[in-house]
Number of protein chains: 2
Amino acid sequence: MNNFDYYNPTHIVFGQDRLGELDTLIPKNAKVMITFGGQSAKKYGTIDTVKAALIEREIIEFGGIEPNPQYDTLVKAVKICKDEQVDFVLAVGGGSVMDGTKFIALAAKHPSDQYQEILFHGFSPVPASDALTLGCVATLPATGSEMNMGGVITYMAQKYPFMCPLAFPKFSILDPDLTKTLPKEQIANGIADAFIHVIEQYLTQDTNAKVQDRIGEGVLKTLIEDGPVTLADNENMDARKNFIWSATNALNGIIGAGVPQDWSTHMIGHEMTAQFGIAHGRTLAIILPNLLRERKDKKRAKLIQFAERVWDIKEGSDDQKIALAIDKTEAFFNSLDIVTNLTHYGIDNDGIESIITNMEKMGLTALSETGDLTLDIVRKILIATK
Amino acid sequence: MNNFDYYNPTHIVFGQDRLGELDTLIPKNAKVMITFGGQSAKKYGTIDTVKAALIEREIIEFGGIEPNPQYDTLVKAVKICKDEQVDFVLAVGGGSVMDGTKFIALAAKHPSDQYQEILFHGFSPVPASDALTLGCVATLPATGSEMNMGGVITYMAQKYPFMCPLAFPKFSILDPDLTKTLPKEQIANGIADAFIHVIEQYLTQDTNAKVQDRIGEGVLKTLIEDGPVTLADNENMDARKNFIWSATNALNGIIGAGVPQDWSTHMIGHEMTAQFGIAHGRTLAIILPNLLRERKDKKRAKLIQFAERVWDIKEGSDDQKIALAIDKTEAFFNSLDIVTNLTHYGIDNDGIESIITNMEKMGLTALSETGDLTLDIVRKILIATK
């Protein structure tokens with residue numbers, strides 16, 4: 001196990017019928033901006049319930065935060081926060097709304113109006129000294145944004161990850177009932193997203209971090225068991241709760257503490273979303289199987305462990321176990337109605353080259369925890385995925 | 001899964017050679033009280049290293065916090081904190097020093113000098129509004145005190161648990177090198193303590209909380225694998241790190257979120273420590289096997305899961321699996337040189353009656369998450385343990 005720092009101060013408020021507690025979670029005298037995405041939060045009454053819980057507080061609504069939230073949209077909210085002296089931002093939505101609201105919270109206290117500066121620190125913390133306080137009402141189990149300090153914003157048609165300790169939500173309400181109106185496709189993408197969040201921290205160089213490994217395996221097994229049940233049966237609250245808590249634990253820092261992390265699948269996926277508009281979780285599921293096949297020697301020890309412990313593959317040679325585990329992973333994504341070849345999404349050789357060219361422009365030329373996943377290898381992975 | 005709140009803001013600083021970071025972890029202008037136990041922290045140089053890291057800060061040393069920390073000892077530290085206007089308390093030690101320092105931190109801001117009032121809230125949070133800020137340098141993997149809000153204090157010869165969100169350490173340094181000078185007996189007791197912390201949150205009524213269950217099982221399996229290695233081989237740093245991080249995760253709240261908890265073994269154990277001076281972890285290991293045998297019908301579903309997943313028992317009837325899992329658990333404690341019968345510790349029928357009488361006095365008459373573990377059943381368990 002490597003040395004590590006672990007810090008996560010988000011207060012999780014988990015369970016049904018808890019939106020009323022917003023009144024005690026947010027300061028009485030706060031001027032609150034409620035941020036949300038499309039009309040579903042309005043249509044299904046979530047925004048009304050939230051507003052009712054906030055009682056006498058002054059409230060500004062800011063809707064229209066799109067999937068893969070756009071810088072230009074968020075800057076509008078930042079201006080309102082500054083003009084209106086908002087002191088609390090409350091994200092009501094999924095990963096995009098929460099990520100976007102983290103950006104709003106940081107940008108509203110940024111020392112200049114060059115807010116894009118927040119986006120240029122890669123995986124290093126943004127050196128911010130202040131931010132608006134942030135809370136979340138999470139409506140989509142997937143990204144883990146409800147319990148971490150990171151986000152991804154689209155700026156000038158490129159996706160930029162950022163992280164900052166000031167972007168930890170003060171609290172996040174995880175009410176499973178709020179996820180029941182989600183389209184099936186979003187549930188499926190969420191299962192894949194959470195699954196691959198674990199994989200990027202788990203299928204890496206082995207550092208004998210047994211607790212972290214086993215938490216990762218536990219989350220994966222739970223997603224495999226209860227993700228499909230949630231997808232198939234909207235009323236199975238037991239499965240839904242396990243899926244939600246899996247997705248949060250997949251990216252709250254606990255699995256990645258003290259281990260190398262490989263975010264290659266995400267880096268390639270971000271390009272596919274930016275250029276071809278494919279939903280984030282789906283891009284990851286498309287890329288991962290062939291990335292694992294290509295990198296199986298690099299990830300050998302952990303792939304064998306993954307095969308044995310997550311997929312219960314006990315028979316066969318190590319190579320057979322690895323091959324079967326990757327096949328089972330791809331079949332799992334397919335079982336969620338996620339097609340895992342590029343042709344299906346209209347991406348041909350030109351599309352692949354365009355992904356490569358853009359990754360080069362973004363400086364993403366040496367991926368993985370060992371820095372040896374080159375763009376030539378990315379091309380090979382994408383061609384194998386046609 | 002039940003509704004739950006999860007909140008744990010402690011910053012974990014894990015790894016070798018990190019004591020120097022105390023300078024950035026504690027405010028520059030803080031007046032710091034360093035609390036510790038016996039002379040080993042001095043003898044092995046830990047206190048000197050800590051003081052060197054704190055550089056120009058004004059420091060008061062308070063040593064002599066005993067195992068099962070005594071109210072009267074701690075009150076002396078509280079008086080010094082108030083007289084000298086200490087603003088930061090730094091615990092350097094194991095569970096007793098950390099627990100005691102949490103009490104000092106709360107008592108120093110208690111509205112009166114009736115500090116014992118802090119101890120009379122059971123498992124409800126102490127309604128405190130202020131406390132000194134607290135940090136830890138943890139030297140014994142066992143109690144989880146380094147990453148939770150609880151403690152246990154001995155007052156008038158009785159052990160009192162308390163908890164308060166203000167008692168979360170701001171940070172805890174977990175440096176495996178600091179644990180290398182521990183006597184083997186303390187390592188063994190720490191393994192048992194951490195193991196049973198998981199058990200009290202895991203072997204309870206099943207609420208289908210799959211992530212929590214699997215984290216618990218992962219911690220148990222890691223303790224079973226790497227606890228004995230740490231005990232046998234002082235130089236095996238890989239195993240030691242896993243043992244330490246297991247012990248912290250055993251009681252940082254994540255396993256117990258959204259599930260019923262049964263602290264019966266602890267409640268009985270506290271009496272054995274208070275009356276007979278047996279080390280805490282050891283009392284738990286003595287009691288647990290016969291408590292499980294006595295309560296096997298109440299805990300049936302989870303005991304079968306425990307047998308299959310933690311002890312890999314796949315053969316036999318459910319009853320056989322349960323019996324074998326409990327036997328293996330007891331044999332595990334015995335393999336750590338922990339004798340698990342009362343006679344060995346000089347506790348006879350009179351001793352058992354004295355434990356029962358005292359538990360009655362303390363109002364501990366309806367234990368377990370279902371409240372139906374009566375003192376008659378406690379007597380049965382203790383007689384079976386002779």
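Modeller: Let's start with a helix pair: α7(B) and α8(B) pack at an angle of about 140°, with axes 8 Å apart. Axes are lines fitted to C-alpha atoms, for helices over the stretch in contact, and angles run from 0 to 180 degrees between N-to-C directions. Helices (H or I, at least four residues) and strands (E, at least two) are DSSP runs, numbered from the N terminus.

Modeller: Before we go on, this is a predicted model, where local features need pLDDT of at least 70, side-chain atom pairs count only at pLDDT 80 or more, and totals for chains, interfaces and linings use all residues. Residues are numbered from 1 along each chain as its sequence is written, while chains are lettered from A and ligands numbered from 1 in the order in which they are written.

Colleague: OK. What do we call the way α7(B) and α8(B) sit to each other?

Modeller: Oblique, therefore. Under 35 degrees counts as roughly parallel, over 145 as roughly antiparallel, 65 to 115 as roughly perpendicular and the rest as oblique.

Colleague: And which residues of α7(B) and α8(B) make the contact?

Modeller: Among them are B:I215, B:V219 and B:L223 of α7(B), and B:F243 and B:S246 of α8(B). Contact here is C-beta atoms, placed from the backbone, within 7 Å.

Colleague: Switching topic: how many residues of chain B are in contact with chain A?

Modeller: 31, and they meet 31 residues of chain A. On the chain B side, α7(B) gives the most, with nine residues.

Colleague: Which other elements of chain B each supply at least two?

Modeller: Besides α7, there's β1 (4-6), β2 (11-14) and α8 (237-250).

Colleague: Do tell me about strands there. What does β1(B) pair with in chain A?

Modeller: Strand β2 (residues 11-14) of chain A, antiparallel over three bridges. Strands pair if DSSP finds at least two bridges between them. A:V13 stands opposite B:D5 there. Likewise, three bridges join strand β1 (residues 4-6) of chain A to β2(B), also antiparallel, with A:F4 opposite B:F14.

Colleague: Which strand of chain B does β2(B) pair with?

Modeller: β9 (residues 171-174), in the parallel sense over four bridges. B:I12 has B:S172 as its bridge partner.

Methods: Contact = placed C-beta atoms within 7 Å.
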